[in-house]
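Hello,

Please open it first and then read on.

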Amino acid sequence: MNALNRREVVAALLERRGELLVVAGLGAPAWDCTVAGDHPLTFPLWGAMGSACMIGLGLALAKPARRVLVVTGDGEMLMGLGSLATIGAQRPGNLAVVVLDNERYGETGMQKTHTAYGTDLAAVARACGFAAARIIRRNAEVSDVRSAVYRGKGPLFFQVKVKADALPLVLPPRDGAHLKHRFREALLGAQ
Ligand SMILES: Cc1ncc(C[n+]2csc(CCOP(=O)(O)OP(=O)(O)O)c2C)c(N)n1
């Protein structure tokens with residue numbers, strides 16, 4: 001399989017991130033975002049599998065002047081597939097979803113997900129009404145993804161084919177209440 005290095009992709013997307021709001025799906029996508037730099041405007045999930053896109057949608061609708069990026073895994077995305085239809089119905093222009101598709105449930109032992117058997121998540125997103133949705137297989141395309149995340153008219157969806165490597169765990173803070181308060185304060189100020 002022609003596939004990218006997930007940590008390089010995430011680092012390229014989060015470098016000089018400015019005011020970007022980031023929701024990271026549980027497991028490896030959250031570790032990838034942490035490697036790129038733990039940040040108060042990143043909300044890494046420790047559970048809630050299938051919910052990353054819906055949290056991103058809520059943020060995008062609540063804060064239309066901000067850009068919102070959801071970084072998640074193919075397993076997490078498959079569990080919350082209906083959320084693509086809800087995003088397609090709402091069409092937030094400021095939301096981008098990047099699925100790091102290793103075709104595996106990495107955290108639980110690298111079992112194959114449906115994308116290993118051909119499920120085309122980008123086609124699902126397109127059918128749900130996303131403004132643009134594509135599969136990314138080449139490093140040269142990552143700069144297009146970055147431009148779209150920061151400036152493109154959403155909702156946008158990128159299914160990035162990544163290698164199924166088991167990489168070192170780099171964990172964000174573990175306390176969910178702390179993560180929520182930290183994110184909220186960074187976004188809204190002390191209340
Ligand atoms: C409802 C629910 N089912 C199962 C799990 C166990 N679980 C945690 S992470 C994970 C796999 C995530 O796979 P994916 O989103 O593809 O990310 P990857 O680590 O492969 O990049 C699973 C099955 C869970 N946390 N919650």
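Helices (H or I, at least four residues) and strands (E, at least two) are DSSP runs, numbered from the N terminus. This is a predicted model, in which local features need pLDDT of at least 70 and side-chain atom pairs pLDDT 80 or more, while totals for chains, interfaces and linings use all residues. Residues are numbered from 1 along each chain as its sequence is written, and side-chain values use heavy atoms, without hydrogens and water.

Let me start with Leu169, found in the loop between strand 8 (156–161) and helix 8 (176–188). Leu169 counts as exposed because its relative accessibility is 57% (exposed is over 50%, with a 1.4 Å probe and protein chains only).

Now to the ligand. Around it are 16 residues, with Gly75, Glu76, Asn102, Arg104 and Gly106 the closest (a residue counts if one of its heavy atoms lies within 4 Å).

- a polar backbone atom of Gly75, 2.8 Å from an oxygen atom of the ligand;
- a polar side-chain atom of Asn102, 3.0 Å from a ligand oxygen;
- a backbone N or O atom of Arg104, 2.8 Å from an oxygen atom of the ligand.

Helix 2 (28–35), helix 4 (74–79) and strand 5 (104–105) are the elements giving two or more residues to this shell. Helix 4 provides the largest share, 4 residues.

Enjoy exploring it!

Conventions. Buried means under 20% relative accessible area, exposed over 50%, partly exposed in between (1.4 Å probe, protein chains only). A polar contact is a pair of N or O atoms within 3.5 Å; within protein, one must be able to donate a hydrogen and the other to accept it, and residues adjacent in sequence count only if both atoms are side-chain atoms.
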